[in-house]
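Let's take a walk through this one together. Have the model open and follow along as we go.

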Amino acid sequence: MNGNGIERLGRIQLRVFDFEKSVDYYTNVLGLDITARDENRVYLKAWDEWDHHSVILEKSDRAGVDHVAFKVTNNDVLDTLEKKIGDFGCTMERVSNKDRIGEGQAIRTTLPTGHKIEFYHDIEYVGVPTGTLNPHPWPEGQRGISPHRLDHCLLSGDDIVSTKRLFKDVLGFVETEKVVTVDGESLIATWLTTTMTGHDIALIKGPEAKIHHVGFFLDNWYDILRASDILSRYEIEIDVTPTRHGITRGQTIYFFDPSGNRNEVYTGGYAVYSDFPTITWTEDKLGQGIFYHRRQLNEAFTAVFS
Ligand SMILES: [Fe+2]
C-alpha cells in the first residue's frame with residue numbers, strides 16, 4: 001500500500017462458458033479453492049489468501065473480464081475515492097453488499113479503456129489452512145499448480161493514456177515500467193503498482209475493454225517448471241513455455257483456461273519503492289521486453305485478448 005489507502009488487487013471476475021469444465025480447470029488444474037457458489041457464479045481463493053475470494057467465475061456465453069477490484073484500507077477511503085474519481089470525470093455508482101456472496105459495499109466506475117473497476121473494504125475473512133500460529137510453510141493436500149495468490153492483470157483498450165493518468169495522478173499508483181514508440185511520443189503499455197510488487201495492473205494499447213491475462217504468484221522458477229508439467233499432464237493449451245520477462249524481470253508461463261482467458265503464473269521481479277524512477281522500453285525492444293530470451297512476440301500474444 002503506497003500511502004493512498006489502496007491495498008492491492010483484491011479480485012477479478014472472469015466470464016466463462018462451459019461452466020463446469022471451467023470450474024474443474026480453476027480448481028483441479030490451477031488449484032484454487034471454492035468458497036461459495038450460486039446459480040451463475042463460483043467464488044474462489046488461492047490457498048495463501050485470507051479473504052473469502054479473489055476470483056469469481058461468471059457463467060456467460062463469452063469469455064472476458066467483468067470487472068477488477070482493489071481492496072482499500074477502510075470504508076472512509078471509498079468516500080475519498082468516490083470524490084476523486086468523480087472529479088476526474090468518471091461516473092461513480094455504489095454496489096450493494098447484497099450483490100455478491102461474502103462482500104460488503106463497493107464503489108464502481110468505468111475506466112477510459114471501458115473496463116469496470118471497483119473498490120471495496122469489507123469482505124468475509126476466511127483465513128488460510130496453515131493458520132496464524134506456528135504455521136508450516138505450505139498446506140497438505142494441494143491440487144494442481146496451487147499458486148499463493150492473485151497477483152496482477154493486464155488489460156487492453158484504446159485510451160490507456162487517460163487510464164494511466166487516473167491510476168497514477170488520481171489514485172497514487174507508481175508507474176514502474178512503460179513501453180513507448182521509438183520517438184517517445186506515444187504510450188504503448190504501462191505497468192502500475194500500489195504495492196511493492198512490479199505491477200498490480202498493467203495496460204496495453206489494444207482492443208477496448210478486453211483482458212490480455214490474469215497472473216497468479218508462485219514462489220520460484222522451479223514452481224514455474226512444475227506448473228508447465230501440470231499443464232502438459234492435463235493437456236491445457238500453453239501460450240508461452242517458461243521464460244523470463246525483460247519488463248518486471250519476472251519469470252513466467254502463459255496458458256489458456258477452457259474459455260480462452262489467458263492465465264499466467266509468475267514469480268521473481270523486484271521490490272518497488274515509491275521514489276523509484278519509471279523504466280522505459282522502446283517499441284523496437286518490445287520483443288526483448290516481453291520475452292527476454294526469444295526476443296520476439298509470438299502471434300497469439302499480440303492477437304488473443306478475451
Ligand atoms: Fe503478467
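Helices (H or I, at least four residues) and strands (E, at least two) are DSSP runs, numbered from the N terminus. This is a predicted model, in which local features need pLDDT of at least 70, side-chain atom pairs count only at pLDDT 80 or more, and totals for chains, interfaces and linings use all residues. Residues are numbered from 1 along each chain as its sequence is written, and side-chain values use heavy atoms, with hydrogens and water left out.

Start with Thr252, which you'll find in strand E15. Its relative accessible area is 0%, so Thr252 is buried (buried means under 20%, exposed over 50%, partly exposed in between, with a 1.4 Å probe and protein chains only). Setting aside neighbours within four places in sequence, Thr252 is in contact with several residues, including Ile224, His245 and Glu264 (contact means heavy atoms within 4.5 Å). With Glu264, Thr252 makes a side-chain to side-chain polar contact of 2.6 Å. A polar contact is a pair of N or O atoms within 3.5 Å; within protein, one must be able to donate a hydrogen and the other to accept it, and residues adjacent in sequence count only if both atoms are side-chain atoms.

Glu264 takes us to the metal. His152 (NE2), His213 (NE2) and Glu264 (OE) coordinate the iron ion at 2.0 to 2.1 Å. Donors here are N, O and S atoms within 2.8 Å of the metal (3.2 Å for Na, K and Ca); water is not among the atoms, so sites may look incomplete. The donor spacing in sequence reads H-x60-H-x50-E. His152 sits in strand E9 (residues 149-157) and His213 in strand E13 (residues 210-217), 61 residues apart. His152 is buried at 0% relative accessible area, and His213 counts as buried at 4%.

Now for the rings. The structure holds ten aromatic pairs, where rings of Phe, Tyr and Trp (its six-membered ring) pair if their centres lie within 6.5 Å; planes under 30 degrees apart count as stacked, over 60 as edge-to-face and the rest as tilted. One of them joins Tyr254 and Phe291, edge-to-face at 6.2 Å centre to centre and 80° between the planes. Tyr254 lies in strand E15 (residues 250-256) and Phe291 in the loop between helix H5 (286-290) and helix H6 (299-303), so this pair ties together parts 37 residues apart in sequence. Phe291 also pairs with Phe301: the centres are 5.1 Å apart and the planes at 75°, so that pair is edge-to-face. Both Phe291 and Phe301 are buried.
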